[in-house]
Structures are given as structure tokens and as C-alpha cells.
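Please consider the sequence and the structure shown here. The text that accompanies them is a guided reading.

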Amino acid sequence: GLGEHRAKAERMYSLMDGFLKNDPISLQKDILHHVEYTVARSRFSFDDFEAYQALAHTVRDRLIERWHDTHIYFKRTKPKRLYFLSLEFLMGRSLSNSVINLGIEDQCAEALNQLGFEFEVVAEQEGDAALGNGGLARLSACQMDSLATLDYPAWGYGLRYEYGLFRQIIVDGFQHEKPDYWLNFGNPWEIERIHVTYEVKFYGTVEEVEMNGEKQKVWIPGETVEAVAYDNPIPGYGTRNTINLRLWAAKPSSKFDLEAYNTGDYINSVVNRQKAETISNVLYPDDRSHQGKELRLKQQYFFVSASLQDIMRRFKEEHTNFDELPEKVALHLNDTHPSLSIAEVMRMLVDEEHLGWHKAWDIVCKIFSFTTHTMVTDGEKIPVDLLESLLPRHLEILYEINFNFLEELKKRIGLDYSRLALLSIVEEGAMKSIRMANLAIVCSHTVNGVSKLHLERLKTKTFKDFYGLYPEKFQCKTNGVTQRRWIVVSNPGLRDLISKWLGTEAWIRDADLLSGLRDHLDNADFHLEWKMVKKVNKMRLAEYIEAFLTLSLLQVSLDAMFDVQVKRIHEYKRQLLNIFGIIHRYNCLKNMDKDSRRKVVPRVCIIGGKAAPGYEIAKKIIKLCHAVAEKINNDTDIGDLLKVVFIPDYNVSVAELVIPGADLSQHLSTAGNEASGTGNMKFLMNGCLLLATADGSTVEIIEEIGEDNLFLFGAKVHEVEKRRQKRLSNLAPLQPAKVPLHFARVLRMVRDGYFGHKDYFKSLCETVEFGFGNDYYLLTSDFGSYLEAQAAADKAFVNQDKWTRMSILSVAGSGRFSSDRTIQDYAESTWKINPCRCPL
Ligand code: NBY
């Protein structure tokens, strides 16, 4: 009975001496325990890395306690749960984030200190978990942090890639890719669940059978792979709640492949079994070359099938009737990548649970929501012939979904075949395929854009016809980032300063409180401390640049403006505009007399980011950056006035170092191309001024801080459209005379080999040279305005009082860009879930 259960629990509790304790002495004991028994090093001699491992396990133990309590509490209260389905999560490091969210940072630092170690040094030992590409994947990570902090009963689901995003190394200025075998040194943050496994099936045939007098389709699969769960606890800040990110790894099915063994080909059958593991082996870099690849499709279905079996099992443990599914389960599609889920839920409900099609469909339409992260129209497509062989039953289901959808549609819009063809989930033509975005829109109750501008674009262009059909589905959920990682973890100096002047740490859970900094806008002491924090962060960054980056002993001046552009390399993000601007600045410096030079604001231009391995133009941009750096940095005539630095292997932990140390950051996408952008928000929170186009979420940043507090430039969205149209309707190439002189000169220098590698840069130059159809991203026409914005930034930097005010106002206006705000909005208006706070 209950009494017996309680007595047992109490005995256990006293045996274990209660919960783990967080005072420095207890922490030291636990660290030494893990040094000796987990890491298996002598407690009398261990190094920084071993100290990291032992501390990580010490923290992990505490996470597990909270994780258990949270899940027991969820099980007991049976709230509606959110399942966040994403093929990518960029978690970065976990140690600092965990100790901060657990509220044991000081105790851990002291414990380490008394053992003769330094927390910062130990934390640096950790490698990044880089299971994603860029903004989309980091957004998922920020949102998990907010879900935990706001006590939402949520689970994240993803894949445990053995190779994360490739490492970028630079050889002679060229990008090379190295595999990121991040599990090599062990991963203390995950818990392997050897008993949480599911079979995932592929291939085979569909047959029709009689069951209880009714015809039923059954899928007879041809291959089985096993999915094993790895759980990653995600602690909330200021709460006991610790939620789960469950990542799946593939392993060979434990079912014996009898036939293969019996035919006597033992070795080959083992080798074949082993192939199963390749499914979750490697993250695909975002370069579109994977579209239509079988392994990618296998990955997606592997993920979808394992996650949904897990979700359905949990639902069935707590509920008996599938009518309750929409009240108890919200499934969120992070972009189209997991949208096979829709067909899978239909298959489970119809084929396995024997619900009628229409009933199942009714349920499915109430549980899915969808967020898209792109501006471009030509989304993800899966070739029908691939599906036919890999997932034959799913293809049938997709056809049936589409048939019903088109029938409905005909009733609404008539036999307008061109419109029907546009809206159809199935694309006919040379390569018949499934349009994943159309599928996701039709089946989801909400379709979310990631900024106001993005949503507007979805409504009027990308999904115009769908918007006409379902206007109520389309919603804006402007992205946000977590201030826990992007201020508290990465900028401790600023954290202390903010807390001191606000008189509270409450802003760590409520970023709107940051607006209170405006009260001290003109306080001289505040200014002084503010500038000091930035200076210390610049020193950290300068040390990093000097220590790791250049063989040529590059020294950067702390008085210089640190000007940063870090993000994935893409033509639309226009790193090329930045480099052209740098070349122009160099030209100006060269032409200046001594007197004018004395008035120049020195600059350190920092660029970082990875190019997808198959993206040639992006790779050339990286090389150009290095070629320009080499020329300028070695020009003794220029000295400290201009330095160019490329930071290799940009990732989450590098971002944590770079962003706090930046004075100015650049966000240069041609208006209408960046769905949101989240880097801008991270810089904003760190008091770095933005130099940006009116694109994505920057438009909303302007609403918060005003146009005066950043450096805005370039064509607005409507102007971009006009210019592009003009460019395309103009049969003759743009008149050379119309190309701004400065732009033409810079381009000519690159084209004529001023930075070497003339042939190599030819095709890069051609992307922006005057000529029919070229310069799609309008570098030519934005260049003048870009230089003006740069000049304005220089001018503002000279007046440090003014600059500091702008910097303070940036942080004060960043509250709206906390992912807490985004998540609360999703929870209330899309997922309809309530906080479920685990008692202490
Ligand atoms: O998502 C980014 C957007 O470009 C950015 O504007 C936005 O702020 C951010 C968060 O909403 N998109 C993005 O990062 N996309 C990818 O990384 C990605 C990954 C995989 C694939 C496509 C895009 N894929 O096709 O597999």
C-alpha cells in the first residue's frame, strides 16, 4: 500500500543522506569521488581535463535528481505536453550553463579553487555539441532553455549524430572540412537509455488484408533498425524543472537476421547489420545537395518513427482514448525536416490503432504546428520514387491526404487547375515529388513565421495561395535568444553590472526588466563601469586572436573599434559587401595625408563563419577575406589603423567569446532574405551596436531602440523588389556608368589580381559584375549607402559618451528578444500548454 511505499522511499532517502548537497565541501568530495571512480584517475593527480570530467559528472548527478523529480511530477499531473521535433540542436557547451541554471556557480568555483583549479580554465576543456548548422539549430537550443525555465512540460526530440557539423580549418586561406567526432572524449551530459529502444522499419511492401470483415492495409517492412534513446537533461533557471532532450542513435536491430546467417555468409551479414549505424552517423551540412538523397530521408524517418513511438507510448500510458490526443499532445515541426511525422501519425492511427481515416485526420489536424525558417519558395521536396521504395505505405498515405485535400479545394475554388497544381502536396513533372512545406501547412493548425517581416512575406509571396485559404493559420512568432547563455554565461562582467544597477537579478528570468537600465543613461559612474566591462571583453577577444590565430603575430589595438561579422557564409548575407568595404577603407587610408590619418578611427575587422562544403562561391569569399587580410595586415604603412581577422571554426563557444567583445556588428543581408536573424539579438544584448539592413528581426529591433541607435543602410524590401525587376526587365546589362565609382574600383582590384589568385576570384567577381542577371543580391546599389553607414559608425565612435549611450540603450531594448517571450507566446497561442512547476 501507500504506507509501505512511503516507508520504503524514506529508507532510501535516509540511506542516500537526502539529496546531493551543494556546499563547496560536498562538491569537492563528489568531484574527488568522480575523479577516482568515474574518470579512474588518482585523486592525488589529475589535470584540467580530468577536473572538467569529474565536475561534469558531479553536476550531472544533480541534474539527474531534478530530472527525475520533474518527470515524476509530470507523470503525476498529466499536463498537456509539447514535443519539439527538430533535426538540429546547437547546444554548444553545457558545464557553465548547467551550474548557472542550477544556481551553484559560486560553490563550484570555490570547490575547484580549493582543489587547486580554476573554473574558467576547467570549463574551457569542454568541446561543443554541434548537432546543427546555424541559426535554426541554435534557436532550438535557446528555446529548450526557455521551455525549461518557464516550467513548460516539454520534450525535445532530435538525432544523436556521431559527427556534428564539420570543423573548419583554414589552410593557405582556403576552408577545409574535418569531421567533428565529438564523442571521442566521452559525453558526460547524456544518459544512455539502453532499455528505451524502438524498432524502425524501412522498405518492403504494402498488402491488403481482411480484418474483422474490413479491408486493412498492412506494411510488411523489409529492414529493421533499432533506435536507442540518449537523454540530455535541460535545467531551467530559478526552478527545479529539468526537462529532457531525447536524441536517437541507430544501432543494428537485436532481431537476428536468420536468413543471412543461415546462408552461411556470416561475415557479410555482420557487416550489413553494422550499416544500420550509419543512419545517425552524420549531420548534413545545409547546402541543398542532400535533397533527394536516400540516407537523408532515412534519417528523417528514423527520427520521426522513434520519436512518435515514444510519444504514443507515453500517451497510452496515461490515456485510453485517442480523442484526447489534441488535449494532451502538441507536436511542433521545426521547419519541414520532421514533417514526415504527419504521415507517420496517420499510419499509426489508421493502420495500428484502427481509427477510421476521417477520424484520424481530424485528430492529426489538431496536434501539429509548424514553423518555417526560410524566405525562399523552393522548399524541401522528396522524390516520389525514393519514398516508394523506402516508405511505400507512407507514400500511399500522402497520396490520400493530397487527394482529400484537393477534393476539398475543388469545392472551394472550383476547377482552377493551375492553382490546384500550385497548392498540391504532390508536384508533378519530370521528377514527381512531395512538397514538404505544402504538407506541413495543410496539416498544421498554425504556420509560424520567425519575424513580422518574414510572416508578411509568407502571406504575400511564399505561401500566398495558402494564406488565401487559411488566413487564420498564419502567425508571427518573432525569434528570441536566451539571456542565460548570451549574457549570464558568456558575459559575466555585464551580468554583474546589470544586476548591480538594476538592484536585482530578476532580469535573468524576466528580460523586460532590462529596460530599467535607461534610468541610469546619463550616470557617469555607470558609463565608466559599462566601458570597463567592454574593455575587459575586448581584451579577452584580443588575446584569443593573438594567441591562436595568426602566425604573423598579429597584434590588435584595444582602442580600435572591434567590428564583427560572424554567421554562416552565404551570398545573401553579403560578407562580400563587408570585404569590399574593407578594401575601400584601405584605399582611403592609402590616399590620406598624415594629418587626416590621425583623425581616423582604427578598426579591427573580424569575420567568421563556415561555408557549406559544396558551396563554391561561399568558399571563395573565405579565401578573399584571407587574401585581403594578408595584404592589409602586412602593409606597414597602415599599422594599427586597419586590421583584418578571419576567425576559423566559428561555433557556439567561439560566439560566446566574440560577441561580448564586439563594438560593432554587421548584419548585411539584402532586405527580404533573412527570415529573422538571431545573431543581431545576441550582439544587441551585449551592448554592441548594429550596422544592418532593414531585414528580418532587425526591423523589430528598430521598433524597440529607434533608428538613431543603430546604423541602418540599404534598400528596403519594396525597393529591392523594384530594383530586381528593373534589372531583369532591362535587357541590356546595367550601364557601367551607373556603377558607383568606389564599387567599380574595388571590384577591379579583386578582378585584376591585386590580392592575387586572379583566376580563382574570377567567378566570384562575376556574381556581382554588371551583366545580365548578375548581382542578384544588389551589392552594387547598396554599396554607397553601406559606406555612409560605416562613416556614421566611425563618427559615433569618436564620441565615446554618445556611443556608450547607444550601447546602453541597445541592452535596455533587448528584452523583447528573449526566447522566453517567444516561448511564452508559442505556449499560449499555438501549443496551448500551461506551466507545470515541480515543487521543491
Ligand atoms: O533560421 C535560419 C534563418 O536563415 C535565420 O534567418 C533565422 O533567424 C533562423 C532561426 O529562425 N535558418 C537556418 O539556420 N537554416 C538551416 O540551418 C538549415 C538547416 C538544414 C537545412 C536547411 C536550412 N536543410 O535543408 O537540411
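The structure is a predicted model. Its largest nonpolar core holds 229 residues, and those that touch the most other members are Leu55, Tyr83, Phe302, Leu624 and Val628. Helix α25, residues 616–633, contributes the largest share of this core, namely 9 residues. Leu55 is in contact with Ile31, Leu95, Cys108, Leu112 and Val122, residues up to four places away in sequence being left out.

One of the contacts of Leu55 is Leu95, which is among the buried residues of helix α4. The buried residues are Leu95, Ser96, Asn97, Ser98, Val99, Ile100, Asn101 and Leu102. They pack against the helices α3 (48–77), α5 (105–114), α6 (119–123) and α20 (483–489), and against strand β10 (223–235). After α4 comes Gly103, which has a positive phi near 75°.

Two packed helices are described by the angle between their axes and the distance between the axes. Helix α2, residues 24–37, packs on α5 at an angle of about 60°, and the axes are 8 Å apart. Because of this angle, α2 is oblique to α5. Their crossing is right-handed. On the α2 side the contact is made by Pro24, Leu27, Gln28 and Ile31, and on the α5 side by Gln107, Cys108, Glu110, Ala111 and Gln114. Sorted by class, the residues of this contact are 5 nonpolar, 3 polar and 1 charged. Ile31 and Cys108, which take part here, are also among the residues that Leu55 touches.

A further pair consists of helix α23 (residues 575–590) and helix α32 (residues 779–798), which pack at an angle of about 60° with axes 10 Å apart. The angle therefore makes α23 oblique to α32. The crossing of α23 and α32 is right-handed. Leu576, Leu577, Phe580, Gly581 and His584 of α23 form the contact with Leu779, Asp782, Phe783, Tyr786, Leu787 and Gln790 of α32. The residues of the contact between α23 and α32 comprise 7 nonpolar, 3 polar and 1 charged.

Another arrangement is found where helix α12 (residues 340–352) packs against helix α15 (residues 392–413): the angle is about 95° and the axes are 9 Å apart. Because of that angle, α12 is roughly perpendicular to α15. Here Leu340, Ala343, Met346 and Arg347 of α12 meet Arg393, His394, Ile397 and Leu398 of α15. The contact of α12 with α15 divides into 5 nonpolar, 1 polar and 2 charged residues.

Attention now turns to two residues in strands. Strand β10 contains Ala227. With 26 other C-beta atoms within 10 Å, Ala227 is buried, because a count of 20 or more places a residue in that class. Beyond its neighbours within four places in sequence, Ala227 is in contact with Thr197, Tyr198, Val200, Trp248, Ala250, Phe302 and Ala306. Among these contacts, Phe302 is also one of the core residues that touch the most other members. Ala227 and Thr504, which are 277 residues apart in sequence, have C-alpha atoms 46 Å apart in space.

Asp563 lies in strand β19, residues 561–566. It is buried, with 26 other C-beta atoms within 10 Å. Apart from residues up to four places away in sequence, Asp563 touches Arg603, Val604, Cys605, Ile606, Asp663, Leu664 and Gln666. The C-alpha atoms of Asp563 and Ile606 are separated by 5.9 Å, although the two residues are 43 apart along the chain.

Most residues other than glycine have a negative phi. Asp172, however, has a positive phi near 55°. Asp172 is placed in the loop between β5 (164–171) and β6 (174–180). It counts as exposed, with 9 C-beta neighbours inside 10 Å. His757 likewise has a positive phi, near 50°, and lies in the loop between α30 (741–751) and α31 (758–766). His757 counts as partly exposed, with 17 C-beta neighbours inside 10 Å.

Key. Residues are numbered from 1 along each chain as its sequence is written. This is a predicted model: local features need pLDDT of at least 70, side-chain atom pairs count only at pLDDT 80 or more; totals for chains, interfaces and linings use all residues. Axes are lines fitted to C-alpha atoms, for helices over the stretch in contact, and angles run from 0 to 180 degrees between N-to-C directions. Helices (H or I, at least four residues) and strands (E, at least two) are DSSP runs, numbered from the N terminus. Angles under 35 degrees count as roughly parallel, over 145 as roughly antiparallel, 65 to 115 as roughly perpendicular and the rest as oblique. A crossing is left-handed if the near helix is turned anticlockwise from the far one by less than a right angle, and right-handed if clockwise. Two residues are in contact if their C-beta atoms, placed from the backbone, lie within 7 Å. Ala, Val, Leu, Ile, Met, Phe, Trp, Tyr, Cys and Pro count as nonpolar, Asp, Glu, Lys and Arg as charged, and the others, Gly among them, as polar. A nonpolar core is a set of buried Ala, Val, Leu, Ile, Met, Phe, Trp, Tyr and Cys residues joined through C-beta atoms within 7 Å. A residue is buried if 20 or more other C-beta atoms lie within 10 Å of its own, exposed if 12 or fewer, and partly exposed in between; C-beta atoms are placed from the backbone.
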